[in-house]
Amino acid sequence: MNANFEIDDAFIAEQNQKAKSWVQEDYDHLARKLQRRKVDIEDLVAKASAFRVAVPSWGVGTGGTRFARFPAAGEPRDIYEKLEDCATIFKLVCSTPAVSLHIPWDKPADAGDLREFARQRGLHFDAMNSNTFQDQPGQKHSYKFGSLTHPERLVREQAIAHNIECIEIGKALGSKAHTVWIGDGGNFPGQQHVRRALERYLESMREIYAALPDDWRVFIEHKFYEPAFYSTVINDWGTSYYCARELGPKAFCLVDLGHHAPNVNIEMIVARLIQFGKLAGFHFNDSKYGDDDLDSGSVKPFQLFLIFNELVDAELNQEPHFDPAYMLDQSHNVTDPIESLMMSGVELVRAYVQAQLVDRQQLSDAQEKCDPLRALATLKQAFTTDVAPILAVARARAGGAIDPISTFRESGYRQRKAEERPARKGAAASGIV
Ligand code: RM4
Ligand code: MN
Ligand code: MN
C-alpha cells in the first residue's frame with residue numbers, strides 16, 4: 001500500500017465541477033461550428049482521447065543550464081519518486097501513460113519491482129535511453145573523447161556493453177525500443193577523422209543492433225552540435241538515415257525538435273523520413289536558438305502544428321512503417337516540471353487535433369491547382385480553431401482534469417512532496433545539468 005500523497009479522483013471531480021458549465025457551453029458551440037464544416041466533434045474527442053506521448057523520467061526533476069541549477073523543494077530523489085510524479089501527470093492529463101528511462105540515472109535495483117510499481121499506477125515503459133556522454137563513478141574508461149566512435153577499441157567496447165545493458169534492463173521492464181544519442185564529435189578542426197569516426201559508429205552500432213530482440217526497434221537520435229562544438233558524428237537526419245539503412249529494418253531515425261540549426265524546416269525532415277519508412281518518432285520540446293529543451297509548443301506552436309500536419313497526413317494515408325513513438329524531452333529550469341510536462345502533453349494533443357481538422361480535400365485541390373494562398377488558408381483555418389473544449393472534454397471523460405494546472409496547484413501536491421521528500425544528504429541530482 002502506498003502511503004505517499006496522491007491526488008484522488010474525487011478531488012479532480014470536485015475541481016472539474018467548477019468549470020463544467022462553461023466547458024459544456026463552449027463545446028456545444030464548437031460542435032455547431034464544426035458541423036458547418038461537416039466535422040463531427042465526437043470524432044475529434046475520440047482522436048484526442050487516443051493520443052499518447054511518453055514522459056521522460058529526467059524531465060520531472062529540475063534541470064539546469066551550464067551556469068546553474070536551482071533545485072526546488074519536493075523534487076523526486078529516485079526513480080520511484082519520479083514515477084510517482086509521472087503518475088500524477090498521467091492522472092491529470094490522461095495522455096501520458098508511458099515513461100522513458102535514462103540509464104544509469106534510473107537504473108533499477110530490481111526491474112521486476114519497478115515494473116510492478118509502474119503497473120499499479122497505470123504506467124508502462126517506453127524507449128530506453130543510454131548515456132555515454134558522461135563518465136560514471138568507477139567507470140574504467142573515460143568518454144571525454146568519445147564513446148561509440150572513440151579511437152580506442154576498449155572505450156568503444158565499454159560503450160557498446162552499456163547500450164546492451166540498457167536493452168537488457170528494458171527487456172525486464174517491458175520496453176520495446178532503445179534510443180541512442182551520443183555526444184561524440186570534435187571541438188577543433190582536425191581533432192577527429194570525420195569518415196573514420198562514422199565508420200566506427202556503424203561498427204559499434206552493429207553490435208548493439210545484434211543484441212535487439214526481434215520485436216524491438218533502435219532509434220538513432222541526431223543533433224548538430226553540443227557537447228562537441230566543431231563537429232558531431234551523428235549531426236543530421238541524413239547521417240541518421242544513412243546509418244539506419246546500413247543497420248537494417250529495426251533501425252529508425254528519431255527527431256528531437258531542438259537538434260537542428262535555427263530555421264531548419266523540421267516538418268520537411270519529418271515528411272522525408274516518413275516517405276523513406278524510417279521515422280522512429282520524436283523527442284518533443286521547443287527552442288529559440290539551440291537545444292533549449294523548452295516546453296513543447298511554447299515558442300513555435302505553428303511549427304508543431306505543421307509537423308503534426310505531416311503526421312496526420314501519413315496516418316490517413318496509412319504510410320508503410322509509420323508507427324511513430326512520441327516522447328517529450330524537456331528540461332525545466334524555471335517552472336515546476338510537473339506543470340511544464342502537463343502543459344506540453346496538452347499542447348501535443350492540441351496540435352494533433354488541429355491537424356485532424358485540416359480539410360485534406362481542399363488542401364490537395366489547392367496544391368494541384370497551384371493556389372498557395374488557398375493552401376495556406378486551409379492550414380490556417382485548422383490551426384486557428386480553438387480546440388480547447390475538445391481537449392477538456394476528452395480529459396474529463398477519462399477522469400482527468402479540465403484544468404490540469406490549477407487542479408495540480410489546488411491539490412497542494414508539491415508542498416506535500418516537499419514534506420515527504422526531504423533532501424538526502426550528499427545525494428546528487430541526476431538529470432540534465
Ligand atoms: C541530449 C538528447 C538526448 C537526451 C540528453 C539528456 O541532448 O536530447 O535525447 O537523452 O540530451
Ligand atoms: Mn533528445
Ligand atoms: Mn537534446
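## Around ligand 1

Start with histidine 283: one of its polar side-chain atoms sits 3.2 Å from an oxygen atom of ligand 1. The protein takes up 94% of the 290 Å² of accessible area that ligand 1 has on its own. Keep in mind that this is a predicted model.

Lysine 223 places a polar side-chain atom 3.0 Å from an oxygen atom of ligand 1, and aspartate 256 has a polar side-chain atom 3.1 Å from an oxygen atom of ligand 1.

## Who makes up the shell

There are 11 residues around ligand 1, and the ones that come nearest are His102, Glu221, Lys223, Asp291 and Asp329. So Lys223 turns up here too, within the 4 Å cut-off that defines being near.

Sorted by class, the shell consists of 5 charged, 3 polar and 3 nonpolar residues.

## From histidine 283 into the strands

Back to histidine 283, which stands opposite methionine 327 in β10. Strand β9 (residues 279–284) runs parallel to β10, and 4 bridges join the pair. To get from β9 to β10, the chain goes through helix α9 (residues 301–317), and this β-α-β crossover is right-handed.

## The two sides of β10

In a regular strand, side chains alternate between the two faces of the sheet. Strand β10 (residues 325–328) shows Ala325 and Met327 pointing one way, with Tyr326 and Leu328 pointing the other way. Which of these are buried or exposed? Ala325, Tyr326, Met327 and Leu328 are all buried.

Note on methods
Residues numbered from 1 in each chain as written. Chains lettered and ligands numbered in written order. Predicted model: local features only at pLDDT ≥ 70, side-chain atom pairs only at ≥ 80, totals over all residues. Heavy atoms only, no water. Polar contact = N/O pair within 3.5 Å; in protein donor to acceptor, adjacent residues only side chain to side chain. Areas by Shrake-Rupley, 256 points an atom, 1.4 Å probe, with all protein chains shown as cover. Nonpolar A, V, L, I, M, F, W, Y, C, P; charged D, E, K, R; others polar. Buried < 20%, exposed > 50% of the residue type's maximum accessible area, 1.4 Å probe, protein only. Pairing = 2+ DSSP bridges. Right-handed = clockwise from strand over helix to strand, strands pointing away.
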